[in-house]
Every structure is written in structure tokens, then in C-alpha cells.
Amino acid sequence: MEELAMLRQLIGQLQQLLQLYGSFPPQNNNNHLPHYLYFHYYQQEQDHHNHLNRWCFPNIDDSSADDYYPLVMAAGKSGSCKMLETFKPLPTKKSRKERNRGKLPGTTNASEVMEQEIWKEFPEDLFEAVIARLPIDTFFRFRSVCKKWNSLLNSQSFSQHCAEVPPAHPWFYTITHENVNSGAMYNPSLKKWHHPTISSLPTKMIILPVASAGGLVCFLDIGHRNFYVCNPLNQSFKELPSRSVKVWSRVAVGMTLNGNSTSCGYKILWVGCDGEYEIYDSIKNSWTRPGSMPSYMKLPLSLNFRSQAVSLDDTLYFMRSDPEGIVFYDMITGVWKQFIIPAPPHLTDHTLAEFGGRIMLVGLLTKNAATCVCIWELQKMTLLWKEVDRMPNIWCLDFYGKHVRMTCLGNKGLLMLSLRSRQMNRLVTYNVMSREWLKVPGCVVPRGKKRQWIACGTAFHPCLTATA
């Protein structure tokens, strides 16, 4: 009982100090814990120089005296009340610079050496499979590491790995009004513009991107005389031989692959309003004229040159007017057909698009002073256009009262639309699958400040190994 009296006396003295310099602790109402409180000593800064020491004590009764007696006696012998340790903050994660401070340069730990040994034995074929699945932008940074990595583009095994990778979002190759002799590529995944320099393309004439397939872009000069094929990513380039038919008027152009990749070859078809057409075969490297238009096809075709051709499997689709509809050509059977499809009312600047085997239509719907971008899908049973989506109303308010013109720069599942007027120059993308509208950042040349005006363009699926 003497020890218990000493303990209570010590507690009473501490409580007096607490009344002078601190506050009493709250009572413990948790029935699942022992009937005493856990408290810590900590410092709470009141100003720059003064601190208030706060103490908290266990609630001791007769039954718990034996448990606390050794602790109290140890405090009494030491001459100070150090029953509980002061609160220490949790260790924080140090930066790499702090961790490496004091280390000798060139020294490594055992784990780093082990990792180097693991990567040293990394299989070559697996290495190419990993590189083939990197983002396109990352790969071009990797090319500058060494000659071996730079030579991957010429590797047959690397080409096979690239062919196994599912195609990502298409990119867009565009021409600007300010730089008609150089292109600008847009990567929608990173929302980033690239400005490649294709040294093989002619610089003394204006050439325009008109079609694409398998990572290759087909160009036609503004005089409609010469064709060129190029891969903007690896600079593979070819100037096609002269056409056998001399047609100097405007032509519509489509492009298809013979197989799953450009290694199997590709074909390019041009067709004029008078019904003349030719097909280029990359395997034969020559133009051929398979035949003539069937008699039931009304001539002239009145082709809509604002609309690029749509490629579905081995068939190319072109938009025509008078009568409104679609003409299409099967590259395998060599047969021309047409659908007479009335266009939606109040429609302007319309163009064909495709997604997942479906034919789509995108255009400006203008009525009175209101203008909106709408999306339609062709119904195969009725051969009528059905509206499936339209631009958000809050965006369309910007077009109110303005004479807006639209150009479709890509029609392969992800559409890029150029909307412009005297007071506006806007680029947007539309994802047919997710029905998502996004604004495209302005195209600015390197070390430039002025925003470029997009004149024309086409979508293409980026492929590192496609060759012309």
C-alpha cells in the first residue's frame, strides 16, 4: 500500500503541473480497450520562440498499480518524468539526390549490378517484340541510341512483330497554307504536332495528300499529273510512272492494300468526272486501264472532290452529286456500281467516312443563322442516311451567324474536321466509336509563334516498316 500511496502522490503532483501549464485529457469511452489512456508528449508551436508542452497520463486505479509501479519507480530514480517518449515524426522518403549524396561517383550497389546482368541476357527476338509495341514517338527517340537500334526498320523479323500489333488511332498528315511544300503530322493520342522533312518530295511544285493505306500516303501534284507514295515516318519514297491516259482535270483517288501489309503490294485508283479511270499496281509498277464505265452510270459523274474515297475491304467508295449518291468500285472483280441516296436537307461541305465496315457521312447542317456539324450512318436496308450524332450545342453556338466552311482531313474511324470562317479557325476530332468530340491544339511550326491554317490532309495508320 505504501507503493500505491507514492504513486498517487506523484500523479497528484503531475496533475497540479498540468493545471498550471496544460489541460486534462479526455476520458476513454472505448469499452474494447483497457480502462486507461495512451497519451504522448508532443510539442505544439504557438509562435516562433514559445512552445507548450502537453502531457497525458494513464488513468490508474488500485487494480493497475502493480502494472505501473516499475515504470513510475524508474522515473523517480532518474530524477525526471520520462514515463513516455516524445513523439517522433515518421521518416520521409528521401530524394534520389539525397540518397546519392556522399556516394563516390561510379559506384553502384549490388542490386543495380544484378539488373544489368539480367538485361544483358535479354533475348533478341523478345527485344524486338517489345520495341514494336512502343509508342511511335518513343521509338524515334530510341533510334538515336545506337546503329543497331536504328537498323530495326530494315529488319524482316521486326516488320513481322509490327504487323502483329493492332493498329492504333490513325494519324493525320496535313498541308498548311503557310507551308505548302512541307507537311505537319498530328498524333491524336498525345495531342502533339510533328513537322517531318521528307527530302524526296518535290519542292518546286505543290503536292497534296489524297489517300492512304497501310501506313503509306499517296500524294498528287496540284496539276493532277504526277503521283507519289511516301511513308512519312521512315522516309520511304516512290514516284509513280506516268499515267497512260492524259487527264488534266481533277480526279478522285482511292488506295487499297493487296493483303494485310504493304509487303503484299498496294493499288491506287483514280477516276475523273468523264468516266476515265486507271489503276496502279505496285507489284507490276505500272498503270492499267481495266475497262470503261457501264452504260447505266450517268456521265458526267459530278464527283464530290471535297470528299475523300472510303476503302472497305477491297472496295473503294466515292461520293457523287446529280444524282446524289455513291459510286463504288470492287478492286477484285473490277465492277462499278452505284447507290442513289438523297442527301439530308440543308447539308453542305459533306464527305464520306467509315468505321467498322459502316459507311458514315459528316457535314454541316445549316438552317437560317444556325450551323451544326452532324454525323449520319448509311442504313443498308433502306439506303437512307440516319443521323447518329451531332456536335455539342455549346460548340455550335460559336458558329451562329457566321459563314462557316468545313473540310474533313481524315475519315478512318477518327475524323479530323477543319472549321473556319473570317473570325474563326478551329480543328476538332470526332471518335466514331466513343462519340467523343475533342478540340485539337493549334499547329505551330518549330521556333514559330503564328498558328498555321490547315489547307488539306488525310488520315493514315502509322507504320514504321511500311515501304513504298
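Tutor: Strands here are DSSP runs of E with at least two residues, and they are numbered from the N terminus. With that naming, P300 lies in the loop between β13 (286-288) and β14. Please keep in mind that this is a predicted model.

Student: What is the average pLDDT of the protein chain?

Tutor: The protein chain averages 77, and 74% of its residues score at least 70.

Student: And where is confidence lowest and where is it highest?

Tutor: Confidence is lowest in strand β1 (residues 42-45), with a mean of 41, and highest in β21, at 96. Over residues 20-88 the pLDDT stays under 50, and the model has 78 contacts beyond four places in sequence for that stretch. Residues 104-108 also stay under 50, with one contact beyond four places in sequence.

Student: Back to P300, then. Which peptide bond is cis there?

Tutor: The bond from L299 to P300 is cis, with omega near -5°. Another cis peptide bond joins D322 and P323, where omega is about 0°. P323 is found in the loop between β15 and β16 (325-330).

Student: Is D313 buried or exposed?

Tutor: D313 counts as exposed, because its relative accessibility is 72% and exposed means over 50%.

Student: What is the strand order in the sheet that includes β14 and β15?

Tutor: It is an open sheet of four strands in the order β14-β15-β16-β17, with antiparallel pairing. β14 (310-312) and β17 (336-340) stand at the edges with a single partner strand each, so one side of each has no neighbour in the sheet. From one strand to the next, the twist averages 25°.

Student: How many bridges join β14 to β15?

Tutor: Three bridges join β14 to strand β15 (residues 315-320), and the two run antiparallel. Within that pairing, S311 has L316 in β15 as its bridge partner.

Student: What is the order in the open sheet that contains β26?

Tutor: The order is β5-β4-β3-β26, again an open sheet of four strands with antiparallel pairing. β5 (192-194) and β26 (454-460) are the edge strands; each has a single partner strand, so one side of each is left without a neighbour in the sheet. The twist here averages 25° from one strand to the next. Strand β3 (residues 171-176) pairs with strand β4 (residues 183-187) over four bridges in the antiparallel sense, and the bridge partner of T174 is A184 in β4.

Student: Changing topic to β20: how many of its residues are buried?

Tutor: Eight of the 10 residues of β20 are buried, so this strand is largely enclosed by the rest of the structure.

Student: What do the turns look like?

Tutor: The hairpin of β19 and β20 has two residues between the strands, and N368 in the turn has a positive phi of about 60°. The hairpin of β20 and β21 has four residues between the strands, and L383 takes a positive phi near 55°. L383 is not a glycine, and it counts as partly exposed at 26% relative accessibility.

Student: Last topic: how many disulfides are there?

Tutor: The count comes to zero, with a cut-off of 2.5 Å between cysteine sulfur atoms. C374 is in no disulfide, and the nearest cysteine sulfur, that of C372, is 4.5 Å away.

Student: Are C374 and C443 buried or exposed?

Tutor: C374 is buried, with a relative accessible area of 0%. C443 also counts as buried, at 1% relative accessibility.

Definitions and conventions. Residues numbered from 1 in each chain as written. Predicted model: local features only at pLDDT ≥ 70, side-chain atom pairs only at ≥ 80, totals over all residues. Heavy atoms only, no water. Pairing = 2+ DSSP bridges. Axes fitted to C-alpha atoms, helices over the stretch in contact; angles between N-to-C directions. Buried < 20%, exposed > 50% of the residue type's maximum accessible area, 1.4 Å probe, protein only. pLDDT = per-residue confidence, 0-100. Contact = heavy atoms within 4.5 Å.
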